[in-house]
Amino acid sequence: MTGIAEVSVGAAVVCAAAAVWLTGGPGPGARRAQLVCAGGGAAGTGQPPPPTWKRVSQTWERLRRLHGTRGEWWALVAGAVVGLVGASVVPAVLGALGVPLVRGARRVGAERRTRERRADAVIALCGALAGEVRAGRQPGEALRGAARDSGGLGDAQASVLAAARFGGDVPGALTDAARRPGAEGLLGLAACWRVAVDRGAGLAAGLDRLEGALRAERDQRADLRAQLAGARSTAVLLAALPALGLLLGTALGADPLHIVLHTGAGLGCLLVGAVLEGVGLWWALRIVRGAEDG
């Protein structure tokens, strides 16, 4: 019993430390709370402390912002809480191991959203450039106006606009800008520009066709992602079934956490199951991503 109590105390300390770190550490709010508890008022100003509802609102807003910036650390907090309930340090260790995995998943999602925004900006650039050319502007001047309005060139805008302003290699600059993920449509814009300048073809007509092709490709990709959303959700749901089983067993009074965390057979099953679960989820999501990339 003494060992279990020590483990419980250690898990509680880990959980409390993680919660304090997530909520911003011992900053001015913590010092103000110490002064208030010591009878010094609101940081020595003589003002009463803010009402409870305001403190709760501020805490909730801080947690919401932290979820968007440091969401991966909630895996550690969840592991510490489960370790506190199950009187074991194993869940806390697994939560710490899950932090880089969650961080990688969040990074992949952020990169995908950046790629999609960049592709939308390229489509907007093609449409805006076609409108500028139809309005009677020269290609270089039209490109400067369209790039300023749409932002489709991103961080490569300076080099492309410099080439357009001083008679440089605009198709080459566009080809270099197209190397960024999501900006592949700029290759088509470079081809349209080269054909229009070298052969005198209509730039606006080529841009219209390019914009239509890029928009159709984006819509097809979005439709395919919507069709595969069911498969992705099913894989995640199946991965969560073991945790649901543990919760159900605990609700029925079977105490599965004690068996899993405090017996050799339970720890072995936990290890093998976690490995198989992770490999299975990774493989299922890899299949889904492969189908999305086509």
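At what angle do helix α4 (residues 74-86) and helix α5 (residues 90-134) pack, and how far apart are their axes? In this predicted model, the two helices meet at an angle of about 165 degrees, and their axes lie 7 Å apart. Because angles over 145 degrees count as roughly antiparallel, α4 is described as roughly antiparallel to α5. The crossing of α4 past α5 is right-handed.

The residues that form this contact can be listed for each helix. On the side of α4, the contact involves Ala 75, Leu 76, Gly 79, Ala 80, Val 82 and Gly 83. These residues meet Pro 91, Ala 92, Gly 95, Ala 96, Gly 98, Val 99 and Val 102 of α5.

The protein as a whole contains 12 helices and 0 strands. Its pattern along the sequence accordingly reads α-α-α-α-α-α-α-α-α-α-α-α. The protein has 294 residues, of which 28% count as buried. Its accessible surface amounts to about 17900 Å², and carbon and sulfur atoms contribute 65% of that surface. Among the contacts in the protein with a separation of 6 or more, 57% are made by residues 24 or more positions apart.

Two individual residues were also examined. Glu 211 belongs to helix α10 (residues 203-251). The relative accessible area of Glu 211 is 17%; buried means under 20%, and Glu 211 is therefore classed as buried. When neighbours within four places in sequence are set aside, Glu 211 is in contact with Ile 123, Cys 126 and Gly 127. Helix α5, described above, spans residues 90-134.

Leu 187 is located in helix α9 (residues 185-199). Apart from neighbours within four places in sequence, Leu 187 contacts Thr 175 and Ala 178. A further distance was computed for Leu 187 and Asp 176, which are 11 residues apart along the chain: their C-alpha atoms are separated by 8.8 Å.

Key: Residues are numbered from 1 along each chain as its sequence is written. This is a predicted model: local features need pLDDT of at least 70, side-chain atom pairs count only at pLDDT 80 or more; totals for chains, interfaces and linings use all residues. Side-chain values use heavy atoms; hydrogens and water are left out. Axes are lines fitted to C-alpha atoms, for helices over the stretch in contact, and angles run from 0 to 180 degrees between N-to-C directions. Helices (H or I, at least four residues) and strands (E, at least two) are DSSP runs, numbered from the N terminus. Angles under 35 degrees count as roughly parallel, over 145 as roughly antiparallel, 65 to 115 as roughly perpendicular and the rest as oblique. A crossing is left-handed if the near helix is turned anticlockwise from the far one by less than a right angle, and right-handed if clockwise. Contact means heavy atoms within 4.5 Å. Buried means under 20% relative accessible area, exposed over 50%, partly exposed in between (1.4 Å probe, protein chains only). Accessible areas come from the Shrake-Rupley method with a 1.4 Å probe; for residues, only the protein chains shown count as cover.
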